[in-house]
Every structure is written in C-alpha cells, then in structure tokens.
Amino acid sequence: MMKKRQLLTAIGLAGLGLLGQGQAIAQADYPNKPIKLIVAFPPGGTSDVMGRLVAEELGKVLKQPIVVENIAGAGGIVGMDRALKLPADGYTLIQSGVGQNAVAHGLDANLKYNSMTDFIHLSQVNSGPNVLLVHPSQPFKTVKDLVDYAKKNPGKLDYGFTHAASGHMAMELFKQTTGIFLTGIPYKGGGPMLNDLLAGTIPMVFLNQDVALPHVKAGKLRAIAVSSKERNSLYPDTPTVAESGYKGFEATSWSGISVAKGTPQAIVDKLEAGMAQAMKSDAFRNRLTSVGFVVPPSGSKHYVAFLKSELDQWTRVIKAAGIKAE
C-alpha cells in the first residue's frame, strides 16, 4: 500500500511538473493567436477611435491581430465587468478611462469591481483637456468675466452636461474651485447638448477638445479656457483654468490599457513592453497630437499612480457635489 501511494504521489508530482512546463512554454510563446481588446463604448466615438489605434499599433509589435470588441453600457461599467469574466491569460485587454476607473467609484460605493485591485494596469494611452466653451452671443471672454458674473448673479447662468462624463466632472470641479453657483441642464448624450450649445439654447459647457475644435475654428463657439495643466497645442491662445487664477486646477479626459488580475507576470511584462514600443511610433503619436491629445509617459508605474490620484480627486468632487448614479 505504501509503495502504491508513493507511486501515485510521484505520478502526481510529475504531472504538476509537466503542467508547469506547459504553462511556461505557453507564456514564452505568447501571443500565438489573436487578442481581443474590449472597448467599453459604442463604435465611432473618441474611446473607440483610441482603442482601434492601440489595436493597430500594438498588433504590429506583438505580430498578432488585435480585434476590437465594443461592449457598451452603464458608462463603460458593463465592459469592465465582462473583461473580468474572461480568462486572465493575456488574450483579453480592456481599454478604460476616467469614467470606469475613477468616476464610477465615486458614484457607487458598491461597484462590482475595484479599479485598483481587480486589474493590472499596463499603460495610460492618452490625455486631453476639456474646453470651457461659450456661445458667441455670450459676453464672456475670460474665466474672470464668467466668474464675476456668476458671483453677482448666482444660479442665473446655465450650463449643459451629460451625467458623469468628463465634461460634467470638469464643471463640478470648476464650480467648487471658483465658488460659484450655476444651474445645470442635463442631457442624455453629447450630441443633443452640443446642438443646443451651437443654437445658443444653453450658454456654456465643458467639452472634449477634439469634439470642440471644428466649431471653435469656425467661430461658432468661443473657447475661454482649457482644463489641462498646460495649454493645448491646438488651442495655443486659450489659457488654462489654472493660469486664469485657479492654480492646480486640472480635469482631463484619458484612457489606458489593462488586463485582469491573475494574468501571468511574463505576459504582463510582454504587454507593457509592447505598449511602450507602440506608443513610440510616429503613426501613434501623430494621430493623437493631431486631435489635441497628449501622449503620456508609458508604463504601469506611471499609470497606476495617475489612476489613484484621479480616483481620489473625482471621489471627493462627486461627494462634495452630491452626485448620484443614474
């Protein structure tokens, strides 16, 4: 009986050894089949465009096609949940941004996932400001003009917002920083909100720089400030909110690439190195800068620290504003 047990134990250990060798070979051979990239928003928007750019450039580096799958819903939360239900083997990447990683936690303390512990964050991909826009019929030419009017006329100045979007967060931070009271007009989507702004139905919004640019260039909207720390290359004559008298103000729209916790470290290392190489390509950098995005430092260390700071900031802002999940 003792010999039989020893034989079974030896067979079991040998099996574990072979399994370990098989896993090591699979990791060394990674990737040997197409990779999926979940973009948690519908096709056609900025998030989708960024995701497809990453898929194209990272696919070249890894020498495997990266297939984008759009899984929209609940401001990106559905896509995040879906990514966690798939094997953590490096063949599912998730593109996420400020909404899913930071704002969602401020809105829902019982969120199904934890951005900081359920994912391994490979690299931030892009960062871009929101632009404080007013209709040309409005008299405001500077942040000071707007703030002075709002302080003398509390609640009389309206703005448009889509719930929990980066522009909404920028406006809430702006109100809290400047100490003004404005009346928010909610919209179900950015398209209807922009149409009303162009028509002069609402006087102002914070809007992503890439969406705002053609309307500013055409003179249909006036840009009075950008929400980034530094001026944006496509809005060189537009000051930041920070240099307009509110030092430290920053509210950006951004995205990055992550994988589920449990992904083997050897694969994580390959993906992080691949992202760094992809982000150095001229095609990648030119595409981002052409629409006013900044290419941030690559790598997990930078991205994790940045994500933590964003989560802390937007949780504070949301709590102070009393914003709830829809």
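1. Strand 5 (residues 158-162) and strand 6 (residues 183-187) run parallel and are joined by five bridges; strands count as paired if DSSP finds at least two bridges between them. Within this pair, Gly160 has Ile185 of strand 6 as its bridge partner. Strand 5 has four of its five residues buried, so it is largely enclosed by the rest of the structure. Here "buried" stands for under 20% relative accessible area, "exposed" for over 50%, and "partly exposed" for in between (1.4 Å probe, protein chains only).

2. A word on what you are looking at. This is a predicted model, in which local features need pLDDT of at least 70 and side-chain atom pairs count only at pLDDT 80 or more, while totals for chains, interfaces and linings use all residues. Residues are numbered from 1 along each chain as its sequence is written, and side-chain values use heavy atoms, with hydrogens and water left out.

3. The C-alpha atoms fill a box of roughly 90 × 40 × 30 Å along the principal axes. Of the 326 residues in the chain, 49% are buried.

4. Strand 7 is mostly covered, with five of its five residues buried.

5. Helix 6 also contains Glu172. Is Glu172 buried or exposed? Its relative accessibility is 8%, so Glu172 counts as buried. Apart from neighbours within four places in sequence, Glu172 is in contact (heavy atoms within 4.5 Å) with Tyr159, Val317, Ala321 and Ile323.

6. Contacts across the chain deserve a look too. Among those between residues at least 6 apart in sequence, 77% join residues at least 24 apart. Gly45 sits in the loop between strand 1 (35-39) and helix 2 (46-62), and is partly exposed at a relative accessible area of 33%. Gly45 and Val211 are 166 residues apart along the chain, with their C-alpha atoms separated by 9.8 Å.

7. Asp269 belongs to helix 9 (residues 265-278) and counts as partly exposed, at 40% relative accessibility. Between Asp269 and Ala150 there are 51 Å in space, C-alpha to C-alpha, and the two are 119 residues apart in sequence.

8. Finally, the surface. The chain exposes about 15400 Å², and carbon and sulfur atoms supply 57% of it; areas come from the Shrake-Rupley method with a 1.4 Å probe, and for residues only the protein chains shown count as cover.

Terms used:
Helices (H or I, at least four residues) and strands (E, at least two) are DSSP runs, numbered from the N terminus.
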